[in-house]
Amino acid sequence: MKIYLVGGAVRDNLLKQTVVDKDYMVVGSSVEEMLALGYQQVGKDFPVFLHPKTQQEYALARTERKTGNGYQGFSCDASKAVTLEDDLLRRDLTINAIAQDEQGTLYDPYNGAADIEAKILRHVSAAFVEDPLRVLRVARFAARFNHLGFTIASETQQLMTDIANSGELEHLTPERVWQECDKALSSQNPQIFFEVLRQCQALKVLFPEIDSLFGVPQPEKWHPEIDTGIHTLMVLQQTSLLTHNKAVRFAALVHDVGKALTPKQDWPKHYGHGQKGLPVIKKMCARIKVPNEYRDLALLVSDQHQNIHNAFELKAETIIKLFDKADLWRKPQRLTDLLTCCHGDIRGRTGFEQASYPQAEYLQQCYKLAVQVDVQAIIAAGHQGAAIKAELQLARTLVVNNFKLQLVKH
């Protein structure tokens with residue numbers, strides 16, 4: 001029995017990236033032997049074990065054979081006869097098909113190190129097309145390593161397009177689609193994930209709400225990039241420069257989905273697109289199992305981003321209603337999240353990448369003043385029941401209005 005460090009840990013070491021998880025491959029062993037050594041089996045479809053002390057994952061070397069649709073449609077052979085090369089051959093990309101033994105020697109039968117040097121994402125074998133999840137994985141790796149200069153090999157890009165056109169993507173579970181999307185949202189350039197999916201024709205299958213934005217024009221005066229799809233990915237890119245918060249990044253991605261519903265005769269204007277997008281966002285989030293935290297923020301941004309952009313023109317009463325709707329009194333962090341997304345929206349336009357966003361400071365100050373209103377003083381004044389809320393609303397509106405008047409004077 002021989003043990004090798006495999007996959008991402010070896011790749012990230014070669015890339016001089018921080019190694020987070022370590023996975024090990026065991027060659028020449030069996031389920032019975034692993035159990036006898038104290039390992040705990042956790043894999044149902046193939047033999048994966050937890051080390052009795054470190055709890056790290058150890059998997060028996062295996063081969064896979066396509067037997068059905070989707071990424072679960074495989075039969076597995078994890079016998080002692082399976083070699084190191086056999087196991088590495090079934091992996092998705094050459095950069096993920098490198099092993100390292102306990103003495104530090106690298107085993108690289110499919111030239112992954114050369115592809116790391118050349119910064120190329122390339123499939124290991126023709127069996128790549130058997131697993132539709134690999135389309136999402138390659139798109140995610142393209143996003144993750146974009147800042148290092150990685151690109152996808154043209155022949156791999158073609159195989160991804162073949163998978164997208166085969167109908168196999170439709171067999172992916174919503175949970176796995178979201179899992180890959182969520183990981184991509186944590187990358188330095190998440191917009192690349194969606195660009196790659198569109199290039200291989202997978203975006204229209206997996207995220208039709210985003211794909212339908214491409215080709216929809218906007219007024220050139222405000223959007224020199226014109227195309228709503230291009231704008232959407234620019235907003236995601238700019239928002240990602242402002243925050244690592246994945247929920248905010250997701251909200252940026254879907255903030256304009258309502259524009260795809262605008263009748264063509266009304267182009268390039270999009271009246272009420274924020275509100276039109278709400279049922280689209282709800283349906284999308286339900287379909288791919290988006291966490292409620294992401295969904296709720298996305299709905300708020302879609303509904304309120306136009307109001308926030310027009311903050312200086314809003315009445316004090318409207319500002320307080322906006323704060324109410326966002327439930328900022330209980331969830332103050334939401335204001336920062338909303339404003340960050342809106343700032344990304346302003347910057348996500350050709351020529352506006354460095355634009356300031358004074359609306360953010362203005363609304364932060366309005367909130368700071370409004371939240372200081374003493375509800376206990378209102379109660380002490382004898383107000384009860386619904387009257388407390390009405391008086392609180394009035395007092396908050398007055399302090400915000402006074403602030404607006406002071407700004408006008410100065």
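Predicted model: local features only at pLDDT ≥ 70, side-chain atom pairs only at ≥ 80, totals over all residues.
Where does Q218 lie? Q218 is in the loop between α10, residues 208-211, and α11, residues 228-242. Now its partners. The side chain of Q218 makes a polar contact with the side chain of K259, at 2.7 Å. Leaving aside residues up to four places away in sequence, Q218 also touches a set of others, including H223, E225, D256, P268 and H270. T228 and H231 are among the touched residues too.

α11 packs against helix α16, residues 333-347, at an angle of about 130°. Their axes are 7 Å apart. That angle makes α11 oblique to α16. The crossing is right-handed. Who makes the contact? From α11, H231, V235, Q238, T239 and L242. From α16, T340, C341, H343, G344, D345 and R347.

Last, helix α19, residues 386-409. How far apart are its end C-alpha atoms? They are 35 Å apart. With 24 residues at 1.5 Å a residue, the helix should span 34 Å, so the two values agree. Which residues of α19 are buried? L392, R396, T397, V400, F403 and K404. The cover over those buried residues includes α15 (316-325), α17 (358-371) and α18 (375-380).

Technical notes: Residues numbered from 1 in each chain as written. Heavy atoms only, no water. Helix = DSSP H or I, 4+ residues; strand = E, 2+ residues; numbered from the N terminus. Polar contact = N/O pair within 3.5 Å; in protein donor to acceptor, adjacent residues only side chain to side chain. Contact = heavy atoms within 4.5 Å. Expected span 1.5 Å × (residues − 1). Buried < 20%, exposed > 50% of the residue type's maximum accessible area, 1.4 Å probe, protein only. Axes fitted to C-alpha atoms, helices over the stretch in contact; angles between N-to-C directions. Parallel < 35°, antiparallel > 145°, perpendicular 65-115°, else oblique. Left-handed = near helix turned anticlockwise from the far one by under 90°.
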